[in-house]
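Here are my notes for a first look through this one. Take them in order, with the model open beside you.

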Amino acid sequence: MPRDDSDHSRRLSRTGAWGPVLLVLVVLLGAFGSFQYDVPRRLGWGERAGAPEAIAPPAGLDLPSFAAPSPVADPLVPTTADPAAIKAVLSPVLRDRHLGRHVVAAVADATGRIIFRGGTAGGSPAATPASTIKLVTAVAALEEMGPDHTFRTKVVSGAPGQLVLVGGGDPYLAAKPVAPDDHTPAPADLRTLAASTAAALRTAGTTTVSLGYDDSLFTGPRLHPSWPASNTAEGVVAPITALWADQGAQPDGTGVVEDPSLRAAQVFAQALKRSGIRVTGAPRRTQAPAGATEVAGVDSARLDEIVANVIAISDNDGAEVLAHHVGIAEGFGGSYKGGVQGVGAVISRLGHPFQPGDVVLDGSGLSHDNRLTADTLLGMLALGADPARPELRTVVTALPVAGFTGSLAERYEKGPVGGRGRVAAKTGTLLGVHSLAGVATPQDGATLFFVFLADEVPLEDTLAARDALDVLSSTLGACICS
């Protein structure tokens, strides 16, 4: 009778199944043994047999002796700029007729010492600075409030059943969440604030409110009287207020609204409704009660991040908001006049007061009636680059780089190629006005601050004058002037 091998077959099958497992265990044990006895020694965890360089090479292997490699270039060291050399390279370009009849030019070395002055003979030492004045505003804001300062937009309890949206002067408060990019941080936004407010209200058992809004932090006129009326129609600047969304931009992106504060309150009311809170009536301008309880709030980006964006893209709205804040902090009030007084007080404390001939009316440079000397702008650049004042560093690190970033990204197609990447500057442009103020780092290791102002440029020479400024600064960037 044949033997039933079914149990035997099953045992063989089970043994065969364990075969690979046993093989893996053997390999792992071998690997562990190798790790335990070899890898620690190689990594220096166990007893060290000796440094690799102390181990003799195998017999018969002849190794060349080690020698330090020769440098591929001379090391870059700081140099002293030669005023005569700078004059020689800049003077011919300053005679470019496209720059108009009034040109102010000056160059300073790394210490801030002015080593060259040029421009139109007999011309006034001050000129319309346009947006280069933002350097003054930025220095004052960073010094007054500190680079980590933020601006808070909040919701507080008002009259019974009422909420009050209180503007804190956040220049980049947005209507809805905005994703950050490589250059700007994510701003605070009203939709997020509404969601936090709604959550707090529901916790308190409230689902219906009326809404007021308070923009009283800033005072005085919302538009500077010296600005052209076309500025708002063209979206150059919005009415400056302590409460807005998307800098007062129209919902369709064409121009700005007449009352940015009211528009922000309407946006917030809609966001509350989206979050399940019933809002009765229309938002009304009011003043929050003193000591009112905060229901919710959102904070802006850091001040140094705001300043960086204002300088990089030449943001008029942001600059005016910052100037208003400086006026408040200095006790002069949050207005155009207060802002100018506050900025002047701060830079005076820094040892760079406004010079005779300086006339400052706003924080953005939109007024054609502004006047600045090159000395004042050079002083701001020197402060921003001063290693002893790291809190002001953003003033120079945010400068657009010639041919690469910000308002200079599409420029510097003409002139010495050395300007691209070696010049960083704040631009200034108004009708008939073109200016540059920044830093050049020539190949000889020098650091040069420069200011070029041309404020009587014929309209037909607009592009040629801009090119001439690019050539001037590129000449510095390419100069071997030490």
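1. Let's begin with a charged pair. E391 and R389 form a salt bridge, with the closest N and O atoms 3.8 Å apart; the term asks for a side-chain nitrogen of Lys or Arg within 4 Å of a carboxyl oxygen of Asp or Glu. E391 counts as partly exposed at 24% relative accessibility, and R389 counts as partly exposed at 25%. Buried here means under 20% relative accessible area, exposed means over 50%, and partly exposed is in between (1.4 Å probe, protein chains only).

2. Some ground rules before going on. This is a predicted model, where local features need pLDDT of at least 70 and side-chain atom pairs count only at pLDDT 80 or more, while totals for chains, interfaces and linings use all residues. Residues are numbered from 1 along each chain as its sequence is written, and side-chain values use heavy atoms, with hydrogens and water left out.

3. Back to the charges: how many salt bridges does the structure hold? There are 14. One of them joins R152 to E294, with the closest N and O atoms 2.6 Å apart. This pair links distant parts of the chain, since R152 sits in strand β4 (residues 152-157) and E294 in strand β8 (residues 294-299), 142 residues apart. Helices (H or I, at least four residues) and strands (E, at least two) are DSSP runs, numbered from the N terminus. R152 is partly exposed, with a relative accessible area of 33%, and E294 is also partly exposed, at 35%.

4. Another salt bridge runs between D109 and R113, where the closest N and O atoms are 3.2 Å apart. Buried or partly exposed: which is D109? D109 is buried, with a relative accessible area of 12%, whereas R113 counts as partly exposed at 45%. Look too for D215, R222, D259 and R285, which are linked in a network of salt bridges.

5. Now the sheet. Five strands make an open sheet in the order β7-β6-β5-β4-β8, with mixed pairing; two strands pair if DSSP finds at least two bridges between them. β7 (278-285) and β8 are at the edges with a single partner strand each, so one side of each has no neighbour in the sheet. From one strand to the next, the twist averages 20°. Strand β5 (residues 162-166) and β6 run parallel and are joined by five bridges. Q162 stands opposite S210 in β6.

6. Which helices pack on that sheet? Helix α5 (residues 190-203) lies across β4, β5, β6 and β8, running at about 155° to β8. Helix α7 (residues 260-274) touches β4, β5, β6 and β7, and its direction makes about 170° with that of β7. Axes are lines fitted to C-alpha atoms, for helices over the stretch in contact, and angles run from 0 to 180 degrees between N-to-C directions. Contact means heavy atoms within 4.5 Å.

7. Helix α9 (residues 316-329) and α10 pack at an angle of about 70°, their axes 7 Å apart. That makes α9 roughly perpendicular to α10; angles under 35 degrees count as roughly parallel, over 145 as roughly antiparallel, 65 to 115 as roughly perpendicular and the rest as oblique. The residues making the contact include A323 and H324 of α9 and Y336 and G339 of α10.

8. Y336 turns up again among the aromatics. A search of the whole structure finds two aromatic pairs. W227 and Y336 form an edge-to-face pair, 5.4 Å centre to centre with 80° between the planes. Rings of Phe, Tyr and Trp (its six-membered ring) pair if their centres lie within 6.5 Å; planes under 30 degrees apart count as stacked, over 60 as edge-to-face and the rest as tilted. W227 is buried, and so is Y336. F450 and F452 form a stacked pair, 5.2 Å centre to centre with 25° between the planes, and both of these residues are buried.

9. Last, have a look at helix α8 (residues 303-313). Eight of its 11 residues are buried, so α8 is largely enclosed by the rest of the structure. Among those buried are L303, D304 and I306. What covers the buried residues of α8 includes α4 (134-145), α9, α12 (394-397) and β10 (423-430). Just after α8, S314 takes a positive phi of about 55°.
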